[in-house]
Amino acid sequence: MMIVQNKNNENSKKKVKIETCYLCGIEFDINADDASHYHNGEYPMCSYCSEAYGFY
Ligand SMILES: [Zn+2]
């Protein structure tokens, strides 16, 4: 028996991967469909910081 925690998007193909933003320290889903990404391919950056600082 599986326990489905992500009831809002059961068909999501993306895995949730929680990272901690290296700038502001909040935890976020790096795989979310937003501006969050790995800065320089290495440092987790949340959506807010990505938009605020314009780092892509
Ligand atoms: Zn941040």
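Val16 touches Asp29 and Asn31, leaving out residues up to four places away in sequence; two residues are in contact if their C-beta atoms, placed from the backbone, lie within 7 Å. This is a predicted model, in which local features need pLDDT of at least 70 and side-chain atom pairs count only at pLDDT 80 or more, while totals for chains, interfaces and linings use all residues. Residues are numbered from 1 along each chain as its sequence is written.

**Overall organisation**

- From the N terminus on, the elements of the protein chain follow the order β-β-β-β-α.
- Of the 56 residues of the protein chain, 12% count as buried. A residue is buried if 20 or more other C-beta atoms lie within 10 Å of its own, exposed if 12 or fewer, and partly exposed in between, with C-beta atoms placed from the backbone.
- Among the contacts in the protein chain with a separation of 6 or more, 16% are made by residues 24 or more positions apart.

**Confidence**

- The protein chain has a mean pLDDT of 85, and 75% of its residues reach 70 or more; pLDDT is the predictor's confidence in each residue, from 0 to 100.
- Confidence in the protein chain is highest in strand 1 (residues 18-20), at 98, and lowest in helix 1, at a mean of 93.

**The nonpolar core and its cysteines**

- The largest nonpolar core consists of six residues, namely Cys21, Phe28, Ile30, Met45, Cys46 and Cys49. Such a core is a set of buried Ala, Val, Leu, Ile, Met, Phe, Trp, Tyr and Cys residues joined through C-beta atoms within 7 Å.
- Cys46 lies in the loop between strand 4 and helix 1, and Cys46 is buried because 25 other C-beta atoms are within 10 Å.
- Apart from its neighbours within four places in sequence, Cys46 is in contact with Cys21, Cys24, Ile26, Phe28 and Ser36.
- Cys46 and Asp29 are 17 residues apart along the chain, and their C-alpha atoms are separated by 8.0 Å.
- Cys49 touches Cys21, Leu23 and Cys24 when residues up to four places away in sequence are not counted.

**Ser50 in the helix**

- Ser50 belongs to helix 1 (residues 47-53). This residue is partly exposed, since 18 other C-beta atoms lie within 10 Å.
- A distance of 6.2 Å separates the C-alpha atoms of Ser50 and Ser36, which are 14 residues apart along the chain.

**Exposed positions**

- Val16 is placed in the segment before strand 1. With 12 C-beta neighbours inside 10 Å, Val16 counts as exposed.
- The C-alpha atoms of Val16 and Asn31 are separated by 6.0 Å, although the two are 15 residues apart along the chain.
- Asn40 sits in the loop between strand 3 (37-39) and strand 4 (43-45). Asn40 counts as exposed because it has 8 C-beta neighbours inside 10 Å.
- Asn40 is not a glycine, yet it has a positive phi of about 55 degrees. Most residues other than glycine have a negative phi.

Definitions and conventions
Helices (H or I, at least four residues) and strands (E, at least two) are DSSP runs, numbered from the N terminus.
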